[in-house]
Amino acid sequence: MEFIIACSAHSPRVATLKKSATLLAAALFLASCSSEPPKSLVTPLPTVTSKPLPTSPAQPHEPVRGVWLTTVSRLDWPPISSVNASPANRINQQQQALIDKLDKLKSLGINTVFFQVKPDGTALWRSKILPWSDMMTGKIGEDPGYDPLQFMLDEAHKRGMKVHAWFNPYRVSTNVKPSTVNELNNTLSLHPASVFVLHRDWIRTAGDRFVLDPGIPDARDWITSIVAEVVSNYAIDGVQFDDYFYTESPGSTLNDNATFRQYGQGYASKADWRRHNTQQLIEQVSRTIKQLKPNVEFGVSPAGVWRNLSHDPAGSDTRGAAAYDEAYADTRKWVQMGLLDYIAPQLYWPFARQAARYDVLANWWANVVKPTHTRLYIGVALYKIGEASKMEPDWTVNGGVPELKKQLDLNESVPQINGTILFRENYLNQPQTQQAVNYLRSRWGN
């Protein structure tokens, strides 16, 4: 029997809160269903200028034609070559590269960019909670000389494109190398410093990365405050979390036994408690966004399989690693509870992959959202197009165009599917995808 392993492709000093932070603090306190607000004196809630909330009625949504633009490990942007340039040249190279990408996306008919603003424990915006990302300069905490998120918003919005700020909520680093530990420790003198040194008791190792322990209420509140900072201070169109909640690998599991002993009373199993923790984060982030700016959308992009039919009568007729069991994310329940404006499952398989057929999963998700107000966007595996695969040969037939066409045709024919998101941007520039890119331009382009 074939069984699919679903690996994500994605995959200050002590300060007194000013009165202008009161509204945000109140929103966070209301949103937190699980604990008292953070006790931290070194990571205060952000100062926010009160702005009127939009009151216009919700506009009809055009179908999303989106792309994920990744910054972790500089996979899509910024250009690796820019990091070692002089400051002036670095800024120019990075900004010009983003302008060129947005121009190309516009020509392809892309109307929404899911921009990774928090790839790990660092920020691509001017934050009072997180240090600057080393993705821009090569050094954590170094000011890149401009605000990448603001630049993206300005350039995308002038082209009529929407921007969703994409957060990886729990990841602190992409590895646990001694050099990474040293770099994180060296942020202690920065304002703000890394959570790695400010809240060492929140940090665990899982999947060969440093991560926050999702079972710690203060850690969830801290993540919520980060999202609130961006929502309050930037004209983003949406917020998205990816599928990295509990992210373990067989040789690097998350040791949360002590956290479970402290907070897990009353749960039949650690698995149930973990799912509750993940739901708590989604609930409080959702409530906080709606209290601050109701028109900002909140969505999640989970692994494509919720549960398999063999394990759950409500599951899909698939044989894949399931978000419910692997990431402790009950994504179907979040839709049913109305916590999400949209859900964007990663359906990274072709129609012919029997263990996880594209059409089986797309239709399963369509039925999940049907009785709800949650919109459904489908994540499509642009990164597989043109790549030879013994298990999935359809990606190379006629440049992958027939497979892509079938997937887009299905997405546009099912009423509950409201759009498509391509993973990921830089694959639009690769030789093996050019037939598919030309097809997208002919189908979606202006």
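Where is the place of P78? I found P78 in the loop between strand 1 (64-69) and helix 2. Helices (H or I, at least four residues) and strands (E, at least two) are DSSP runs, numbered from the N terminus.

Before going on, I noted that this is a predicted model, where local features need pLDDT of at least 70, side-chain atom pairs count only at pLDDT 80 or more, and totals for chains, interfaces and linings use all residues. Residues are numbered from 1 along each chain as its sequence is written, and side-chain values use heavy atoms, without hydrogens and water.

**Entry 1**

Going from W77 to P78, I saw a cis peptide bond with omega near 0 degrees. Another cis bond runs from F423 to R424, with omega near 5 degrees. I located R424 in the loop between strand 10 (417-422) and helix 14 (434-444).

Next I looked up S73, which lies in the loop between strand 1 and helix 2. Its phi is positive, near 55 degrees, and S73 is not a glycine. S73 counts as partly exposed because its relative accessibility is 43% (buried is under 20% relative accessible area, exposed over 50%, partly exposed in between; 1.4 Å probe, protein chains only).

**Entry 2: a helix contact**

I then turned to helix 2 (residues 87-107) and helix 4 (residues 148-158). In helix 2, Q95, L98, I99 and L102 meet F151, M152, E155 and A156 of helix 4, where contact means heavy atoms within 4.5 Å.
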